[in-house]
Amino acid sequence: MNNTCASRQALQNLLQLLAEFFTFPDEEFCAAVRKGLVDLQVKELSQGAGLPRESEFKQDALTYEEWVTAYNHCFLGVQKPFAPPIESIYKPWTGDESFQVSFKAQKGYLMGDSAHHVQHIIKSFGLEIPPEYTMMPDHLIILLELLAFLVGGGFEKEAKQFCRDHFDWLPDLQKAIEALPVNGRLFMAALAELEGLLQAFLNQDQKHGPLQEMIEPARFLN
């Protein structure tokens with residue numbers, strides 16, 4: 001594996017690692033966070049990606065039971081208000097003037113413009129959205145998986161455009177979590193780490209991988 005491929009693989013793995021914070025809690029992952037193993041992984045993978053970072057997730061670590069409670073309250077809506085990690089919720093539903101619906105410029109709705117754009121990208125690559133995410137294809141988990149796919153495939157230019165198009169709402173999600181009457185510090189730390197990583201990735205000198213010539217950006221990015 002050459003250095004370019006190794007760097008892409010490291011970044012892909014790091015994105016998938018950060019996605020774990022927004023899936024339903026896993027006992028093994030929770031234990032790894034508490035032991036500081038995830039912080040070590042972040043350091044190792046980010047260095048491998050050429051984007052060195054050091055996280056401090058251990059200091060905000062939760063027990064498995066605490067993590068489940070926080071996750072349910074923050075993201076699943078067992079109590080209101082909550083902060084679903086879904087892009088459409090934080091953006092105007094559509095900018096298409098042809099839609100004659102009263103809520104088209106309002107926020108708080110699923111399946112907005114961003115969701116349809118993600119669906120289009122996924123379809124372009126012949127990928128499938130898991131059934132549980134059918135009505136929320138712009139869930140943060142799917143966005144991170146798709147970004148990891150683009151990075152791993154060598155589509156650096158397209159991956160960076162995808163970052164610009166689909167991760168600008170993360171500060172709004174952080175604010176929404178911060179306003180909740182639950183301990184969401186670990187999720188906020190993961191979002192802060194993700195934002196820092198994406199910004200470093202966007203600022204990194206662009207290197208065109210061999211697979212980039214296989215698809216034109218216009219095919220899946222407006």
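Guide: Helices (H or I, at least four residues) and strands (E, at least two) are DSSP runs, numbered from the N terminus. This is a predicted model, in which local features need pLDDT of at least 70 and side-chain atom pairs count only at pLDDT 80 or more, while totals for chains, interfaces and linings use all residues. Residues are numbered from 1 along each chain as its sequence is written, and side-chain values use heavy atoms, with hydrogens and water left out.

From the N terminus on, the elements run α-α-α-α-α-α-α-α-α; the chain has 9 helices and 0 strands. Of its 222 residues, 48% are buried (under 20% relative accessible area, 1.4 Å probe, protein chains only).

The axes of helix H1 (residues 3–19) and helix H3 (residues 37–48) come within 8 Å and cross at roughly 150 degrees; axes are lines fitted to C-alpha atoms over the stretch in contact, and angles run from 0 to 180 degrees between N-to-C directions. H1 and H3 are therefore roughly antiparallel to each other, a term for angles over 145 degrees.

In contact (heavy atoms within 4.5 Å), H1 contributes Ala6, Ser7, Ala10, Asn13, Leu14 and Leu17, which meet Val38, Gln41, Val42, Leu45, Ser46 and Gly48 in H3. By class, this contact of H1 with H3 comprises 7 nonpolar, 5 polar and no charged residues; Ala, Val, Leu, Ile, Met, Phe, Trp, Tyr, Cys and Pro count as nonpolar, Asp, Glu, Lys and Arg as charged, and the others, Gly among them, as polar.

How values were computed:
Buried < 20%, exposed > 50% of the residue type's maximum accessible area, 1.4 Å probe, protein only. Parallel < 35°, antiparallel > 145°, perpendicular 65-115°, else oblique.
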